[in-house]
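Visitor: I have a structure open and would like to talk it through with you. Could we go element by element and see what turns up?

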Amino acid sequence: LAGRELNILETNCGFGGMTEQYSKLGDVECYDIAKDRASLVNLQHENVTAIHADSEKEVYRLVWANCKYDLVDIDPYGFPSKYFPHAFRLIEDGLMFLTFPVMGVAQINKIMIRHYQAFWGIELSDKDIYIEKISKRLHEFAFQHKREIKIMQVKRIDRIYRIVIHVKKKSLCDIVGLTVNRNI
C-alpha cells in the first residue's frame with residue numbers, strides 16, 4: 001500500500017491512538033459509540049472524520065453504499081464477530097487489521113461457549129488451535145464475498161491478538177482453482 005494516500009476505516013476510534021498513525025497515511029473515517037471520544041478525536045486530527053455511531057451497524061451501511069477502503073481496522077471492545085462476513089466487502093485489494101481477544105479473557109460461561117461455536121467454530125478444547133480455527137473461519141467468511149485472504153501476521157499483545165490480513169477480490173473460480181471451458 002506504500003506510495004499512495006490511503007482511504008482508511010477504523011471501526012472503533014477509542015481515544016485516537018492508532019487514528020493518529022493512520023492519519024499520516026491518508027484520510028481516516030472512524031466511529032465510536034461514545035460521543036465525547038468521537039468529538040475528542042475530531043479535535044485532534046485534520047484529515048480524520050470521527051463519527052458518533054454504532055460501528056457494527058455502520059459497517060452494514062458502508063457495505064450497502066459500496067464504500068471501499070485500502071485499510072480497515074476492526075478493533076472493537078470485545079469480539080469482532082458481528083463484523084463478519086460482510087466487512088470483507090469493504091476491501092477489494094488492501095489490508096484488514098483485526099483485534100481478537102485471547103481465549104479466556106472474556107468470562108467463559110454458556111453464552112460465551114455458544115458464541116465461540118456459532119461464530120468461529122471453536123470449542124473450549126481448542127485452546128491450542130484457537131488462532132488456527134479463527135484463521136479457518138476468516139478464510140470461509142472471505143470466500144462468501146469473493147475474497148481471497150492471506151494472514152500476514154498474528155501478534156499476541158498482552159490479552160489480545162492483532163491479526164494482519166491481506167484481502168483481495170477474486171473470482172470464485174480463481175479462488176478454488178477451477179478452470180471453466182466456455183468454448184464447447
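Guide: Strand 6 (residues 147–157) and strand 7 run antiparallel, and ten bridges join them. Please keep in mind throughout that this is a predicted model.

Visitor: Okay, which residue in strand 7 is the bridge partner of Ile-151?

Guide: Ile-151 has Ile-165 of strand 7 as its bridge partner.

Visitor: And how many residues sit between strand 6 and strand 7 in the hairpin?

Guide: Two residues lie between the strands of that hairpin, and Asp-158 in the turn has a positive phi of about 55°. Asp-158 is a residue other than glycine with a positive phi, and with a relative accessible area of 63% Asp-158 counts as exposed.

Visitor: What else does strand 7 pair with?

Guide: Strand 7 (residues 160–169) also pairs with strand 5 (residues 93–101), in the antiparallel sense and over nine bridges. Within that pairing, Gly-94 stands opposite Val-167 of strand 7.

Visitor: Now strand 1: is it largely enclosed or open, and why?

Guide: Strand 1 (residues 6–10) is largely enclosed by the rest of the structure, because four of its five residues are buried, where buried means a relative accessible area under 20%.

Visitor: Which sense does its pairing with strand 2 take, parallel or antiparallel?

Guide: Strand 1 and strand 2 (residues 26–32) pair in the parallel sense over five bridges, with Leu-6 opposite Gly-26 of strand 2. Strand 1 also pairs with strand 4 in the parallel sense, over three bridges, and there Glu-10 stands opposite Asp-73 of strand 4.

Visitor: Switching to pockets, how much space lies in the largest pocket?

Guide: The largest pocket holds about 760 Å³ of space. It is lined by 33 residues, and those closest to its centre are Asp-75, Pro-76, Tyr-77, Gly-78 and Phe-79.

Visitor: Which elements give two or more residues to that lining?

Guide: Those elements are helix 1 (17–23), helix 3 (55–64), strand 5 and helix 4 (110–120). Strand 5 gives the most, with three residues.

Visitor: And how does the lining of the largest pocket divide by class?

Guide: By class, the lining has 15 nonpolar residues, nine polar residues and nine charged residues.

Visitor: You mentioned helix 4, so which of its residues are buried?

Guide: Met-112, His-115, Tyr-116 and Trp-120 of helix 4 are buried. These residues lie on the same side of helix 4, because they cover an arc of only 100° around the axis. In general, an α-helix has 3.6 residues a turn, so residues three or four places apart point the same way.

Visitor: What covers the buried residues, and which ones are exposed on the other side?

Guide: The cover over the buried residues of helix 4 includes strand 5 and helix 5 (130–144). On the other side of helix 4, the exposed residues are Lys-110, Ile-111 and Arg-114.

Visitor: Last topic, the backbone: which residues does the cis peptide bond join?

Guide: The cis peptide bond joins Phe-84 and Pro-85, with omega of about 10°, and Pro-85 has its place in the loop between strand 4 (71–74) and strand 5.

Visitor: What about Lys-146, where is it placed?

Guide: Lys-146 is in the loop between helix 5 and strand 6, and its phi is near 55°, a positive value in a residue other than glycine. Lys-146 is partly exposed, with a relative accessible area of 44%.

Note on methods. Residues numbered from 1 in each chain as written. Predicted model: local features only at pLDDT ≥ 70, side-chain atom pairs only at ≥ 80, totals over all residues. Heavy atoms only, no water. Pairing = 2+ DSSP bridges. 1 Å grid on protein atoms, 1.4 Å probe; cavity = no way out; pocket = protein on both sides within 12 Å on 5 of 7 lines; lining within 4 Å. Points joined across faces, edges and corners; volume = space filled by probe spheres on them. Nonpolar A, V, L, I, M, F, W, Y, C, P; charged D, E, K, R; others polar. Buried < 20%, exposed > 50% of the residue type's maximum accessible area, 1.4 Å probe, protein only. Arc of directions from axis to C-beta. Contact = heavy atoms within 4.5 Å.
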